[in-house]
Amino acid sequence: LTDRPPPIIRQGPSNQTLAVDNVALLKCQASGDPIPSISWLKDGVSLLGKDPRMSLQELGSLQIKNIKVEDSIVLLVHVFSSMQTLTTTLFSLSGQ
């Protein structure tokens, strides 16, 4: 078993305040060996597959279409690989 460094978040999401009905693109890019996976969580539960407005984009970014005031949330980006886990990056999205 070889020691490998944990995944690195190369670009993390930033807090955003957007007008209602806009599209939010929450960027996240990570690197590591093996290549890490990126999950988007709210209250410990994955966002994907629960709302058709939300989709995982290329390289792990999250897109939310037609944001609503009730989309004002704090999310957690979870980056992990088969060898290491790195959970990081809390941020907020506000619809107004």
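You're looking at a predicted model, where local features need pLDDT of at least 70, side-chain atom pairs count only at pLDDT 80 or more, and totals for chains, interfaces and linings use all residues. Residues are numbered from 1 along each chain as its sequence is written, and side-chain values use heavy atoms, with hydrogens and water left out.

**Colour by confidence**

pLDDT is the predictor's confidence in each residue, from 0 to 100. The protein's mean pLDDT is 76, with 73% of residues at 70 or more. Strand 7 has the highest confidence, at 89, while strand 10 (residues 85-95) has the lowest, at a mean of 57. Where pLDDT is low, the predicted coordinates should not be read in detail.

**Switch to cartoon**

You'll find zero helices and 10 strands. Both are DSSP runs numbered from the N terminus: helices are H or I with at least four residues, strands are E with at least two. Of the 96 residues, 31% count as buried. Contact means heavy atoms within 4.5 Å; among contacts with a separation of 6 or more, 55% link residues 24 or more positions apart.

Leu 59 sits in the loop between strand 7 and strand 8. Leaving out residues up to four places away in sequence, Leu 59 touches Cys 28, Gln 29 and Ile 38.

Now select Ser 61, in the loop between strand 7 (54-56) and strand 8 (62-64). Ser 61 is buried, at 7% relative accessible area. Beyond its neighbours within four places in sequence, the contacts of Ser 61 include Leu 25, Leu 26, Trp 40 and Ser 55. A polar atom of the Ser 61 side chain lies 3.3 Å from the backbone nitrogen of Cys 28.

**Show the core**

Select Leu 18, Ala 24, Leu 26, Cys 28, Ile 38, Trp 40, Leu 47, Met 54, Leu 62, Ile 64, Ile 67 and Val 79: these 12 residues are the largest nonpolar core. Strand 3 (24-26), strand 5 (37-42) and strand 8 are the elements giving two or more residues to this core. A nonpolar core is a set of buried Ala, Val, Leu, Ile, Met, Phe, Trp, Tyr and Cys residues joined through side-chain atoms within 4.5 Å. In soluble globular proteins, nonpolar side chains tend to be buried together.

**Find the salt bridge**

Which side chains meet in a salt bridge? Select Arg 53 and Asp 51, which pair at 2.9 Å, N to O. The count comes to one salt bridge, by a rule that asks for a side-chain nitrogen of Lys or Arg within 4 Å of a carboxyl oxygen of Asp or Glu. Arg 53 counts as buried, at 15% relative accessibility.

**Last stop: two positive phi angles**

Asp 21, in the loop between strand 2 (16-18) and strand 3, has a positive phi near 75 degrees without being a glycine. Asp 21 counts as exposed, at 51% relative accessibility. Then jump to Asn 66, in the loop between strand 8 and strand 9 (73-80). Asn 66 is not a glycine either, and its phi is positive at about 50 degrees. With a relative accessible area of 38%, Asn 66 is partly exposed.

Note on methods
Buried means under 20% relative accessible area, exposed over 50%, partly exposed in between (1.4 Å probe, protein chains only). A polar contact is a pair of N or O atoms within 3.5 Å; within protein, one must be able to donate a hydrogen and the other to accept it, and residues adjacent in sequence count only if both atoms are side-chain atoms.
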